[in-house]
Amino acid sequence: MQKLFSSRFPGGVHPTNGSDKALTSGKAIRAFHPQKVWISMEQTPGGKCSPLIRQGDAVKRGQPIGKPETFTASVVHAGISGKVESIREGQAGSIYCAILADAEQPARMNQASMGVADLSAYTKDQIVNAFREGGLAGMGGAGFPAAVKYSPKKPVDTLLINAAECEPYLSCDNQLMIEQPMAVLNGVRIMLKASGAERALICLEDNKPEAAASLQKVLEQLKESVSLEILPTRYPQGGERQLIQAVTGREVPAGGLPADAGVIVSNVGTAKAAADLLLDDEPLTSRVVTITGEVNDPGNYLAPVGSSIQELIAAAGGVKSPQNRVILGGPMTGNCIAVDYDGKTELGFVTKTTSGVVVLPPAKRAESPCIRCGGCVKVCPAGLQPWKIDFAQRREDDALCEKLDAAECIACGCCSYTCPAGRELSLHTRMARDRVKQILRERKVQK
Amino acid sequence: MNLTAPYLRTNRTTRSVMLDVCIALLPALAGGTYFFGLRALWLTLFSAAVCVLAEFLFQKLTRRAVTVGDCSALVTGMLIALNLPATTPFWAVGVAGVFSIVVVKQMFGGIGSNFANPALMGRLLLMVVWPATVMQNPLPRTLPQDAVSSATVLNAAKAGTEGGYTFWQMLIGEIPGALGETSKILLLIGFAYLCFRKVVNVEATAVYIASVLALTFVFGPEGLFTGHILMNLLGGGLILGGCFMLTDYVFVSRRGKLFCALIAGVITAGIRIFGIYPEGVCLGILTANCLAGLISMLEHRHVYGKTEKA
């Protein structure tokens with residue numbers, strides 16, 4: 001009974017019936033070998049790096065090519081071995097390094113998967129240092145540098161490994177746990193040591209029984225306090241704050257970090273990357289990307305950072321129908337990067353945080369007046385009243401938005417999903433959130 | 001085409017919600033037609049037509065977007081008729097319909113912006129201005145038409161006398177009353193459909209009905225604890241009101257809704273016990289509607305990560 005009450009967060013929705021994830025289930029991760037990669041020097045918004053290479057240089061896979069310029073940036077490495085073809089400015093002013101692949105690529109070692117690794121040689125500081133040099137960043141979405149995350153200002157007692165993968169359609173984390181349980185667990189052990197926490201919990205939703213079984217088999221060989229936490233499937237279970245609430249019953253204070261609640265949360269893909277980094281000396285240069293939805297051959301691809309999304313969609317058999325929307329990331333929080341995509345134009349490139357590309361059918365939905373059904377209030381995991389914030393934001397009533405705690409919006413999209421009137425509640429609440437946060441910052445500066 | 005996250009949206013629309021309510025009302029309408037004759041059906045169709053037309057014309061004349069396609073006017077029209085006796089003149093139903101849609105709904109900003117349930121406001125208008133049209137409750141046509149007075153079961157419950165109807169008659173609807181309120185089983189079938197479709201939930205309805213029954217039982221006609229529970233439950237419009245009018249979307253949060261239901265229950269019971277009318281459902285729910293805004297302002301909400309201020 002204790003369990004029943006503790007593993008909950010308020011609100012949330014069930015956007016699909018499970019057929020979305022079934023599109024890619026049972027399909028092994030395929031390696032994607034591009035002829036050319038375009039690596040962004042801004043892997044996350046605001047995380048700027050400056051290039052360390054010049055046109056014509058020969059680079060090896062794993063060689064650092066970008067130096068962090070900002071607090072939220074991490075080192076960028078070459079995703080493939082080859083020759084630097086050009087360094088040019090791309091969309092939104094960010095710099096891309098184009099690398100032409102050599103015919104021969106260096107082989108990968110696979111120590112990370114070879115049984116329970118001996119970690120006694122590493123100290124906490126050494127691990128955090130390796131995270132920094134290896135460019136390890138959160139692969140779940142925000143891309144926050146792991147070296148910063150694992151140097152918390154407050155002591156933490158719990159490490160949560162986020163394997164909820166609550167976004168519909170995406171299955172990269174699930175497939176990784178099924179195929180590489182040992183590497184994942186070695187990564188978790190490394191993170192546990194780096195965090196100084198007493199225990200690590202790998203949190204999965206109950207729609208991933210295969211991944212849970214795969215991890216469980218290996219878990220029995222461990223001495224550390226690492227266990228599985230199976231949670232009832234509900235979006236946004238994998239929202240960092242919701243996961244903390246669901247598993248520990250704690251809340252991250254408004255404006256604070258998970259460490260303020262004594263917790264560090266890392267994505268399961270990041271854990272695998274940590275194992276590759278420490279045990280195989282492979283920096284973060286590739287990741288698993290789910291290409292799914294209305295494509296002819298949906299699947300998961302191990303793609304170097306900088307892989308072309310256009311080429312990945314082509315590798316997945318191309319789009320099924322000329323009427324479509326291409327979503328970068330999950331369908332609940334991602335970005336629409338193309339409408340009615342025909343496969344002929346460049347769509348951007350894989351970054352450390354690209355979890356998937358989902359091709360969805362077009363949707364026609366007009367906004368109509370709010371009918372006060374209260375649905376958005378019921379599903380909001382942050383406890384907000386999106387319909388009120390929506391009205392306030394449209395009137396540009398900043399004071400009311402602030403009073404309605406718009407700053408606490410987590411942009412999960414549940415409100416818009418559930419609205420029978422088709423209102424863009426999430427969009428307007430996000431706009432209100434950004435505005436209120438800006439006001440709060442300005443007020444702080446004035447003081 | 002929505003090009004902002006989230007890219008998945010529910011299949012539910014305002015129109016599908018309203019059509020679900022219409023479907024849920026059909027069994028009760030069939031019951032009313034059986035017990036009170038075909039006039040009940042014509043009255044309901046007329047009322048629905050008046051409401052839809054009034055909304056269409058008002059929006060055309062004021063050059064607003066026409067929203068009759070969302071079917072909310074259809075629901076209002078059906079509810080007005082179901083809340084009136086089958087003998088109500090057509091003109092009175094027409095007046096109530098136009099008043100509900102034009103004055104109560106559209107003049108306050110249209111769907112979602114009305115302060116109270118338009119159908120109940122329409123009924124209230126008739127109660128106040130032309131009481132004779134809505135206070136005469138005909139006997140079901142399946143009963144011998146010898147009784148001159150058509151006192152409802154609630155009159156009897158209020159006076160503390162026998163209602164003169166069996167439990168079974170009250171349950172299936174073979175009693176005098178508004179054309180849509182008597183067939184309790186059919187109303188509950190419709191309500192079960194709405195709950196199953198998750199259009200409404202049962203909580204507020206349960207609080208409302210339970211509070212009315214508890215209060216009318218405790219403060220009975222012959223002193224404490226002498227009220228007649230079954231007559232209060234099945235004799236009037238409690239089930240129609242609780243299942244289809246109280247649950248109308250006017251309040252938002254769950255706790256606010258339950259509190260409103262309780263207020264509606266207290267006022268309904270108060271009118272049934274102390275008022276000049278035997279029935280208090282209409283006024284009870286309308287009062288709670290009007291207090292909803294105030295209640296939601298007073299209510300404390302927990303926002304994730306915010307510490308409570310002492």
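Mentor: Gladly, and let's start with a helix. Helix α15 (residues 425-446) of chain A has 22 residues and reaches 31 Å from its first C-alpha to its last, close to the 32 Å expected at 1.5 Å a residue. Before going on: this is a predicted model, where local features need pLDDT of at least 70 and side-chain atom pairs count only at pLDDT 80 or more, while totals for chains, interfaces and linings use all residues. Residues are numbered from 1 along each chain as its sequence is written, chains are lettered from A and ligands numbered from 1 in the order in which they are written, and side-chain values use heavy atoms, with hydrogens and water left out.

Trainee: What makes 425-446 of chain A a helix, and where does the expected 32 Å come from?

Mentor: Helices (H or I, at least four residues) and strands (E, at least two) are DSSP runs, numbered from the N terminus. The expected span is 1.5 Å times one less than the number of residues. With 22 residues, α15(A) is expected to reach 32 Å, and its 31 Å is close to that.

Trainee: Which residues of α15(A) are buried, and what do they pack against?

Mentor: Buried means under 20% relative accessible area, exposed over 50%, and partly exposed in between (1.4 Å probe, protein chains only). In α15(A) the buried residues include A:L425, A:H428, A:A432, A:V436 and A:I439. The buried residues of this helix pack against α11 (375-379), α12 (386-394), α13 (398-403) and α14 (414-418) of chain A, where contact means heavy atoms within 4.5 Å.

Trainee: Why is A:R372 called buried?

Mentor: A:R372 has 18% relative accessibility, so it counts as buried. This arginine is found in the loop between β17 and α11 of chain A, and its phi is near 60 degrees, a positive value in a residue other than glycine.

Trainee: And B:R63, buried or exposed?

Mentor: B:R63 has 76% relative accessibility, so it counts as exposed. B:R63 also has a positive phi, about 55 degrees, although it is not a glycine, and it is found in the loop between α2 (38-61) and α3 (72-82) of chain B.

Trainee: What makes A:R234 a charge over a ring?

Mentor: The rule is NZ of Lys or CZ of Arg within 6 Å of the ring centre and within 35 degrees of the ring normal. The charged end of A:R234 sits over the ring of A:F9, 4.2 Å from its centre. In chain B, B:R141 lies over the face of B:Y34, at 5.6 Å from the ring centre.

Trainee: How do you know that β15(A) pairs with β16(A)?

Mentor: Two strands pair if DSSP finds at least two bridges between them. Strand β15 (residues 325-328) of chain A and β16(A) have four, in the antiparallel sense, with A:R325 opposite A:V339. Four bridges also join β15(A) to β17(A), again antiparallel, and there A:I327 has A:V358 as its bridge partner.
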